[in-house]
Amino acid sequence: MTYHNPEAETMARGEIEAIQNKRLKETVAHAMRGNAWFRQRFQEAGIDPSTFRGLEDLQKLPFMSKKDFRDQYPLGMCCVPKSELAEMHMSSGSTGTPVVMPYTPADLRQWADCMARCYVMAGARAGDVCQITPGFGLFNGGFGCYHGARAAGLFVVPTGAGNTARQVKLAHDFGTRVITGVVSYTLRIMEVMAETKTTLPDLKIGIFGAESFSDEMKRRIHDGLGIEAFDIYGMTETGGIGTLGMDCPEHCGLHQWEDQYIVEIVDPKTGEVLPDGQVGEVVATSLTREALPVIRFRTGDLSRIVSREKCGCGRCHLRLDRISGRLDDMLIISGVNFFPLQIEQALLKIPGVLPEYRLIIKDHDGTKKLRVEVEAKPGVTGHQVAKVLKEVLGFTPEGDVYAPGSLPHAEGKAKRVIYEKD
Ligand SMILES: [Zn+2]
């Protein structure tokens, strides 16, 4: 078993908590010293850095939200002078005003360290060829994969997004062993491989972020491409891809880099911290970030803490369940609440159903109807699909089964849910 940062990754539970306690106090003091917005907000909550007790007082700290990032665009929450910044990334989202994350050189090293831990945890070794398929630009995916791959000593093939035929050719010609990207794009790569009759015998590891995927999808990718798929976690606000963590080869939950972040699960309605095992909203606090620390940031992601016990891989860093959905993504149709991922999971359990599907939500005078379109090999009937969906949803949506290649296929993150208004 190899670790990128053995000291941090093999800390015992007690050591993790001691370092969290120390770093939380430092982070609160740093934010209040460096930025007026944090100072005012924490003073209003009665926080005094000289008497703040660390973990014991964590729940006295107010939450941060995406809205705070948008309201403080571009650098209203930055805790260091602008002259100390080295890089920035940004995500736009649907509401318009972007979320900006600035980095000092130390923040970039922190990001690279978290990402490198993920690569090595997945089995990547120095000298391995690593193909990076997220775009290199404002979105953090490409650069995050790059910084981490360099820290882990990998040989980077920085293809960026799109041009799938070239991706497949380069992966073949350079002997790519590790690929990073979004899981839906892998499906496109598998199609092109089939069309061009290319095999990629060296490809062994897939690190996928930015969209949740089911175990069934993981299995399909393993069967189709022969790679082990890992589910990486992190977002613009926490400092980018891989900052929070990833699942290890035991695949029993996503380890969170707890020496770098405190992860809590709270009731999305009341904000109360929930006991381990209960599903709620993931809240993250960064412990070493300088330019823009997040303190009790409400991610909008839903998950639960699976375990804080030592894992078979030797890490004690707590494990989160796969992200079951985002609060924003939850669909309510015919009075039933569900996440798109639940439908994916159900569909892919049917033999012959292919991992290309879309959910069309038709809004007619405020009444929403669901239509499910899925590709499948000949022999799969609409009746079969309808039966499985009824078991999950309690109602039977409209829908159709399509021949392979009939639905629009994504060159990047797939758009699985489509809204149509009459
Ligand atoms: Zn593990």
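The points below begin with the chain as a whole and then turn to one helix.

The structure is a predicted model. Its chain holds 11 helices and 21 strands, and buried residues account for 45% of its 422 residues.

**Overall dimensions**

- The C-alpha trace of the chain extends over about 70 × 55 × 40 Å along its principal axes.
- A compact globule of 422 residues would have a radius of gyration near 22 Å, and the chain agrees with this because its own value is 22 Å.

**Contacts along the sequence**

- Of the contacts in the chain between residues at least 6 apart in sequence, 66% link residues at least 24 apart.

**Helix α2**

- Helix α2 covers residues 13-34, which is 22 residues.
- From its first C-alpha to its last, α2 reaches 31 Å, close to the 32 Å expected at 1.5 Å a residue.
- The buried residues of α2 are I16, Q20, R23, L24, T27, V28, A31 and M32.
- These buried residues line one face of α2, because they fall within an arc of 165° when seen down the helix axis.
- The exposed residues G14 and R33 are carried on the face of α2 turned away from its buried side.

Definitions and conventions:
Residues numbered from 1 in each chain as written. Predicted model: local features only at pLDDT ≥ 70, side-chain atom pairs only at ≥ 80, totals over all residues. Helix = DSSP H or I, 4+ residues; strand = E, 2+ residues; numbered from the N terminus. Rg over C-alpha atoms; globule rule 2.2 N^0.38 Å. Buried ≥ 20, exposed ≤ 12 C-beta atoms within 10 Å, placed from the backbone. Contact = placed C-beta atoms within 7 Å. Expected span 1.5 Å × (residues − 1). Arc of directions from axis to C-beta.
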